[in-house]
Amino acid sequence: MEFRIAGTFIDSLARLTDQEQKLVKTTAFDLQMNPANPGFQFHKLDKAKDRNFWSVRVSLDIRLIVHRTDESLLMCYVGHHDDAYRWAQKRKLETHPRTGAAQIVEIRETVKEIKIPRYVESETSVQEKPLIFKNISDDELLAYGVPDEWINEVHQVNEETLLYLVDHLPEEAAEALLDIATGSQPKPVSKAVAGSDPFSHPDAQRRFRVMGNVEELARALDYPWEKWTVFLHPDQRQIVEKNYGGPVRISGSAGTGKTIVALHRAVFLTRANPNSRVLLTTFSGTMANALRTKLRRLISNEPRLGERLEIHSMSEIGKRLYELTFGRIQILTRDETRNLLNHASEKIHGHKFSSHFLLTEWESVVDAWQISTWEEYRDAKRLGRKTRLPEKQRVVLWSIFNQVRVNLQEENRITESGMFNRIASHLTQSKRKPFDFAVVDEAQDISVQQLRFLAALFSSDNLNTLFFAGDLGQRIFQQPFSWKALGVDIRGRSRTLRVNYRTSHQIRMQADRLLSPELSDVDGNLEQRKGTISVFNGPKPVIMILDNEKDEIQAVVQWLSEKTAEGIQPHEMGVFVRSDNELDRACQAVKSAGLELSILDEKVDTAFGKIAISTMHLAKGLEFRAVAVLACDDEIIPLQKRIETVSDDADLEEVYNTERHLLYVACTRARDQLLITGVAPASEFMDDLKN
């Protein structure tokens with residue numbers, strides 16, 4: 001007998017208390033070991049439309065809903081007695097007549113009967129707005145996986161009722177309808193071969209899993225459904241498995257699954273090329289650790305793949321390869337660089353260059369492009385720094401920068417850019433490469449020399465060697481530069497993910513107001529945010545501007561208390577601020593709410609039972625059910641200190657762009673609930689969020 005679990009079961013399990021979950025897991029293990037055990041109290045559900053739904057007693061009040069046949073036992077849902085029975089009475093398991101995929105289908109209600117949640121501001125009758133799918137034939141809707149009995153309701157949907165209807169449909173049907181509504185043409189769901197197992201269909205495998213042994217079941221019960229399965233959408237699978245004619249970049253707004261696509265691409269390349277070595281790299285060590293955890297879940301049945309697939313942050317792999325080739329390395333810190341520049345500039349009297357200008361000119365031009373001669377600096381295009389520098393001023397600047405270069409050589413020190421530059425030069429001449437393929441996550445923040453290093457890793461005759469995933473709207477660390485100039489030309493090979501699985505429609509819509517609907521890189525590659533859809537709804541984000549910090553802290557305390565009362569656990573909540581200077585405000589709010597906290601740094605991950613607090617720069621890669629973004633005050637975001645150091649118009653534009661991106665990243669860490677607060681006069685970005 002096949003023993004399966006459904007995604008609906010894992011979701012419902014997460015809503016129970018820890019003690020209740022322990023009882024459910026014990027029952028689940030016993031069911032797997034011996035489903036015919038006479039000790040189980042199976043109860044047939046008389047009011048259920050599906051005659052194969054049964055109830056299993058877990059405790060006095062907890063009931064497990066299973067679908068039982070002679071061939072299989074499927075755990076579908078768990079909850080308190082009345083809730084579990086209501087769930088079973090409103091659903092049935094069936095095979096879709098067109099696609100052949102197994103689906104748990106909600107018993108049909110009419111659109112007018114669907115209760116629109118309170119966070120919808122107005123409730124307009126169905127007939128007041130155009131019907132979106134009026135001209136889509138029944139046959140087409142069936143081809144997209146819409147259950148037969150929901151066809152009439154789909155025809156009656158307008159833009160206001162669409163999002164509430166799709167909550168009641170299987171994933172493939174919901175996504176196809178959302179695609180049509182946003183102007184895209186979805187692909188029909190693949191048809192199953194006649195007589196094939198309906199659970200083997202690709203869409204069925206998104207929601208049902210066969211549990212082969214107790215260890216696999218234990219792992220499934222310990223993680224949320226989407227984290228355990230390392231979810232991959234069928235459209236994403238096409239991107240993962242495609243044979244490209246050169247380097248490719250996958251883009252998409254926050255929550256569209258770029259990291260998951262990158263992970264699956266790395267595994268696919270490893271599996272498809274038995275003798276290859278694959279590098280999966282990302283921005284930080286913390287994010288690399290998270291990828292390693294996901295990888296272990298993904299390849300648990302093929303652990304040997306992990307021997308040929310390495311996951312490192314860019315800095316880690318750079319330092320490792322450098323030391324293997326050249327020996328120990330001591331990388332210059334940013335503060336040390338600033339001190340060297342200031343010391344060199346003190347020897348040159350009469351110049352008017354600020355310390356900040358010297359540092360940014362060094363980082364963005366001289367060090368980024370590894371300029372080593374006066375002629376190179378004189379002719380540098382200075383991308384991203386548009387204020388023209390006369391040659392006379394450049395001569396003065398080069399005397400400062402060259403002195404720093406001499407000091408570094410004398411002390412045998414090197415910058416990170418210098419490290420990657422030297423590795424790239426070595427690899428270009430070497431016939432033996434340490435990796436055959438590289439997959440890069442968070443590619444929007446890759447540096448000039450990091451990209452040069454990646455390009456040098458591979459020969460031009462292998463067209464699938466470089467795969468990038470990133471979002472220009474989340475670029476917060478690097479100034480833009482031309483990839484094409486470094487030999488990485490992705491023109492014509494860019495792909496955009498448009499289905500958001502992590503962030504509710506309401507939060508995504510609010511956060512997107514911080515960014516332009518279309519972003520472009522230096523080479524002219526466009527990333528369009530238009531057409532992105534979220535597959536679930538939630539409350540509208542709360543935006544509050546308070547009179548003083550005390551009132552703000554009290555408002556956050558009340559919000560955190562409300563979320564806790566709703567059943568959201570502390571480790572499912574995150575609090576973000578612009579910089580270290582505002583961390584105390586966040587800590588006061590969490591402590592005043594009587595909750596424990598954990599302040600994150602670059603080496604610390606979230607902690608069970610504690611609210612995570614961090615700056616916005618460390619928010620990348622994190623995800624919480626509820627997020628509070630505090631201290632969005634005037635002169636805090638955008639940070640006044642950065643604005644005051646601006647030396648040209650391009651710098652000012654860059655400051656505003658990256659500050660917007662920071663706030664966008666923080667807001668999109670929220671899945672269901674978002675609070676944004678500030679003290680009057682609040683940040684100008686608050687007006688953008690509210691409009």
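E635 sits in the loop that runs between β23 and α23, where helices (H or I, at least four residues) and strands (E, at least two) are DSSP runs numbered from the N terminus. The model is a predicted one, so local features need pLDDT of at least 70 and side-chain atom pairs count only at pLDDT 80 or more, while totals for chains, interfaces and linings use all residues. Residues are numbered from 1 along each chain as its sequence is written, and side-chain values use heavy atoms, with hydrogens and water left out.

The backbone of E635 deserves a look: its phi is near 75°, a positive value in a residue other than glycine. With a relative accessible area of 46%, E635 is partly exposed; here buried means under 20% relative accessible area, exposed over 50%, and partly exposed in between (1.4 Å probe, protein chains only). The loop between β23 (624–629) and α23 also holds P638, which is joined to I637 by a cis peptide bond with omega of about 0°. Another cis bond leads from A680 to P681, with omega near -5°, and P681 belongs to the loop between β24 (670–679) and α25 (684–690). A positive phi of about 55° is found at E442, again not a glycine. E442 is placed in the loop between β12 (437–440) and α19 (448–456) and counts as buried because its relative accessibility is 11%.

E635 also takes part in a surface patch of negative charge, together with D634, E644, E684 and D687. Such patches are made of residues with over 30% relative accessible area and no salt bridge, like charges being joined within 9 Å and nonpolar side chains (Val, Leu, Ile, Met, Phe, Trp, Tyr) within 5 Å.

Turning to charge pairs, the structure contains 37 salt bridges, each defined as a side-chain nitrogen of Lys or Arg within 4 Å of a carboxyl oxygen of Asp or Glu. One of them pairs D521 with R249, their closest N and O atoms being 2.8 Å apart. Because D521 lies in the loop between β16 (518–520) and β17 (526–528) and R249 in strand β9 (residues 248–251), this pair ties together parts that are 272 residues apart in sequence. Both D521 and R249 are buried. A salt bridge also joins the side chains of E336 and R413 (2.7 Å, N to O). E336 lies in helix α14 and R413 in the loop between α17 (391–410) and α18 (416–429), so parts 77 residues apart in sequence are tied together. E336 is partly exposed at 31%, whereas R413 is buried at 16% relative accessible area. D688 and R660 form a further salt bridge, with closest N and O atoms 2.7 Å apart; it ties helix α25 to helix α24 (residues 649–667), parts that are 28 residues apart in sequence. E549, E552, R585 and D633 are linked in a salt-bridge network.

Finally, helix α7 (residues 171–181) is mostly covered, with nine of its eleven residues buried. Among the buried residues are E172, E175 and D179. Their cover includes β7 (102–106), α4 (138–143), α5 (151–155), α6 (162–166), β15 (499–500) and β18 (533–534). After α7 comes G183, whose phi is positive, near 90°.

Terms used:
Areas by Shrake-Rupley, 256 points an atom, 1.4 Å probe, with all protein chains shown as cover. Lys, Arg positive; Asp, Glu negative; His and termini not counted. Charge placed at Lys NZ, Arg CZ, Asp CG, Glu CD. Contact = heavy atoms within 4.5 Å.
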